[in-house]
Amino acid sequence: MMILRAATPDDLALLLHWDEQPHVVASDPTDDWHWELELSRSPDWREQLIAELDGRPIGVIQIIDPAREESHYWGDIATNLRAIDIWIGEASDLGKGYGTQMMQLALTRCFADPAVTAVLLDPLVSNIRAHRFYERLGFERIEQRRFGEDDCFVYRLSRNDWHD
Ligand SMILES: CC(C)(COP(=O)(O)OP(=O)(O)OC[C@H]1O[C@@H](n2cnc3c(N)ncnc32)[C@H](O)[C@@H]1OP(=O)(O)O)[C@@H](O)C(=O)NCCC(=O)NCCS
């Protein structure tokens, strides 16, 4: 059984270990997540979640409100959206359907708020397997843009196109 639970300071060592895995680095080479600081606070525009499979932590999902996120990473962006980051920690857990289950739980969580109209993702242009993964979940590629040094595609799933 897959669940999402809030990340806590007790997850620090695991998150740092996952951050060093080559498939995680490849998907996000420029970011520093500042886990030590971020795990100790819970701003109301963000959820940092650990996916557990039968009690075993396997991956991370971050959900933000991009209009309210402090660094304004998404720039000028509409309200009532959510943006998701997702990764699986160990390479041995990739490609087993776990990511699909994690995204389904995350999307249910996002759309549980009736005000939320759509969910966004921003994979690197180079992350071709992630594009396929998101397209299979119903996301539509809407633009290519830079976030800092990163060349990304923006994907969007509107509530009307979401089937839980
Ligand atoms: C993207 C990710 C969360 C998908 O979870 P998953 O459990 O591996 O995926 P599922 O088994 O549910 O679905 C399989 C699909 O996942 C994607 N996938 C598998 N391995 C992947 C990898 N190393 N990197 C990116 N996507 C991968 C592919 O689309 C794959 O389908 P394919 O075999 O037809 O190529 C997971 O692969 C991952 O953590 N990848 C590395 C980090 C990453 O790229 N995160 C997204 C950043 S935007």
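Asn80 sits in the loop between β3 and β4. In this predicted model, Asn80 has a positive phi of about 65°, although it is not a glycine. Asn80 counts as partly exposed because its relative accessible area is 36%. Another residue with a positive phi is Asp54, at about 50°, and Asp54 is not a glycine either. The loop that holds Asp54 runs between β2 and β3 (56-64). With a relative accessible area of 61%, Asp54 is exposed.

Strand β2 (residues 46-53) contains Gln48. Gln48 has a relative accessibility of 10% and therefore counts as buried. What does the side chain of Gln48 make a polar contact with? The partner is the side chain of Gln62, at 2.8 Å.

The next part of the structure to look at is the pair formed by β4 and β5. These two strands run in the parallel sense and pair over 3 bridges. In this pairing, Leu81 stands opposite Ala118 of β5. Strand β5 covers residues 118-121. In a regular strand, side chains alternate between the two faces of the sheet. In β5, Ala118 and Leu120 point one way, while Val119 and Leu121 point the other way. Are these four residues of β5 buried or exposed? Ala118, Val119, Leu120 and Leu121 are all buried.

A backbone N or O atom of Ile88 lies 2.8 Å from an oxygen atom of the ligand. The ligand on its own has 820 Å² of accessible area, and the protein covers 84% of it.

How many residues surround the ligand? There are 20, and the closest are Gly97, Gly99, Thr100, Arg129 and Arg132. Helix α5 supplies the largest share of this shell, with 6 residues. By residue type, the shell divides into 9 nonpolar, 7 polar and 4 charged residues.

The cysteines remain. A search of the whole structure finds 0 disulfides. A disulfide would need the two sulfur atoms within 2.5 Å. Taken from the other end, the sulfur of Cys152 has that of Cys110 as its closest cysteine sulfur, again 18 Å away and too far for a bond. Cys110 has a relative accessibility of 3%, so it counts as buried. Cys152 is likewise buried, with a relative accessible area of 2%.

Notes. Residues are numbered from 1 along each chain as its sequence is written. This is a predicted model: local features need pLDDT of at least 70, side-chain atom pairs count only at pLDDT 80 or more; totals for chains, interfaces and linings use all residues. Side-chain values use heavy atoms; hydrogens and water are left out. A residue is near a molecule or strand if one of its heavy atoms lies within 4 Å of it. A polar contact is a pair of N or O atoms within 3.5 Å; within protein, one must be able to donate a hydrogen and the other to accept it, and residues adjacent in sequence count only if both atoms are side-chain atoms. Accessible areas come from the Shrake-Rupley method with a 1.4 Å probe; for residues, only the protein chains shown count as cover. Ala, Val, Leu, Ile, Met, Phe, Trp, Tyr, Cys and Pro count as nonpolar, Asp, Glu, Lys and Arg as charged, and the others, Gly among them, as polar. Buried means under 20% relative accessible area, exposed over 50%, partly exposed in between (1.4 Å probe, protein chains only). Two strands pair if DSSP finds at least two bridges between them.
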